Amino acid sequence: MSTLFLARYLLPITAPPIEDGALLVDGGRILEVGTRQSMTATASGAAVIDFGDAILLPPLVNAHTHLELTHFPRWRAEAGETIAPGGDFVDWILHVIRVKRGLPLDRFESSVAAGIAASLAAGTGAVGDILSYFPARTAYRHSPLKGRLYLETLGLDPAQGRQLLSRIGTLLDEKRAGQLRLGIAPHSSYSISAEYLAQIIDFARRRKVATTLHLAEAPAEVSFIRDSSGPLADKLYPYVGWQGMAPPPARRSPVAWAEQCGALVPSCLLAHGVQIDADDAARLARAGSTVVCCPRSNARLGVGRLPVELYRAAGVPLALGTDSLASNETLSVWDEIAFARQWLSGKIAPAELLTMATIHGARALGVAADQGELKAGLGCNFQVLKPAELPAFAELEEFLCAPGRTAEVASLFLDAWDVLQKS
């Protein structure tokens, strides 16, 4: 039996907003999107669910996160760990390593589960999640979230890397964790050798799986790749026992370095991308790369602001991510949108932010055939916001990019079921 969902405002994302909108669904798929007036006449036999003074739009996509660190604030407090005033990006990395090193491994699964619950409550329907403790993937067994779960690897020794890839390859035979397709996450340009990264990209190509890479996040990364100097070489490498193992100066940017390693391919999702220039943006555009922006994490770690103009001029697609609760306050993409609107004021319009948070993320994670927009043929995936007072129709997109939207998520339909079951 078909169902007609009605709401005062409906936002398809890839089409203009609709006042008095309607969504006709049958067999778990969207049949039609239109107005209440036109569709109540053509779908007279359908069951009707009227959300009233509400906003109906696609679920959000958190294209870069680390849900295994959802309990990090608790772990940090238990360990009595803090970052010294004036600490930089590398001090934060050392802080994360110290907290994780003292942690019983059985605590990661419950942390992932808490991250899944927080994501759903905030209207998120798909994630690009990175996992370093692989057994915790069982937390996804019954999760309705879609997207990708990237198994993280790092290291400087290619021989050891081949052993790690063999282990990851065995896990990749599982294909999925819950509804998330498995992929590989080479950690970053400063924690993985060029030879090992090239091995991973080739391995992923042969196994036909996606990858993701932290890239061009901080000034320290730029100096490390270009000159093998700076706090990554001076503080991080000695701390993790990599003394004397810094690579020779690459004399190029992190993006150019990744290109040389073969990592600039459409199937490799790049996270952060703060430290780039016009040449880097052109490289990314030629490669068909997508960059996931994490504005709140970037601000908190003091690594700089996203060069939106460079990406827009080059035509590089941008998605949004929250990163982890080791560098952020919430896992809500709604909160990320609101912060980005303020922090990048004048550089990015509300409609562009909403596109980044939905269809661009869905395309980057390979779920755009199911969600990311509202149109005929896609799955019945949407969220419903119930604000105390609706904005004027002309102000809808600006309203959605303002603070406060997370608390207004009343329903989240994934595969035609309201997974929040809120009244």
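Biologist: Why does Arg36 count as partly exposed?

Modeller: Buried means under 20% relative accessible area, exposed means over 50%, and partly exposed lies in between (1.4 Å probe, protein chains only). Arg36 has 25% relative accessibility, so Arg36 counts as partly exposed. This is a predicted model, in which local features need pLDDT of at least 70, side-chain atom pairs count only at pLDDT 80 or more, and totals for chains, interfaces and linings use all residues. Residues are numbered from 1 along each chain as its sequence is written, and side-chain values use heavy atoms, with hydrogens and water left out.

Biologist: What makes Arg36 and Asp50 a salt bridge?

Modeller: A salt bridge is a side-chain nitrogen of Lys or Arg within 4 Å of a carboxyl oxygen of Asp or Glu. The closest N and O atoms of Arg36 and Asp50 are 3.0 Å apart, and the two form a salt bridge. This pair links distant parts of the chain, with Arg36 in helix H1 (residues 36–42) and Asp50 in strand S4 (residues 47–50), 14 residues apart. Helices (H or I, at least four residues) and strands (E, at least two) are DSSP runs, numbered from the N terminus.

Biologist: How many salt bridges does this rule give?

Modeller: The count comes to 24 salt bridges. Among them is that of Asp227 and Arg251, whose side chains meet at 2.8 Å, N to O. Asp227 lies in helix H7 and Arg251 in the loop between H8 and helix H9 (254–260), so the pair ties together parts that are 24 residues apart in sequence.

Biologist: Why is Arg251 called exposed?

Modeller: Arg251 has a relative accessible area of 58%, and is therefore exposed. Asp227, with a relative accessible area of 34%, is partly exposed.

Biologist: What are Glu336 and Arg296, buried or exposed?

Modeller: Both Glu336 and Arg296 are buried. Their side chains meet in a salt bridge (2.7 Å, N to O). Glu336 lies in helix H13 (residues 333–343) and Arg296 in helix H11 (residues 295–301), so the pair ties together parts that are 40 residues apart in sequence.

Biologist: Which residues of helix H8 (residues 231–239) are buried?

Modeller: In H8, Leu232, Ala233, Leu236 and Tyr237 are buried.

Biologist: How do you know that the buried residues of H8 line one face of the helix?

Modeller: The arc is that of the directions from the helix axis to the C-beta atoms. Seen down the axis of H8, the buried residues fall within an arc of 110°, so they line one face. These residues pack against helix H3 (89–101) and helix H7 (219–227), where contact means heavy atoms within 4.5 Å.
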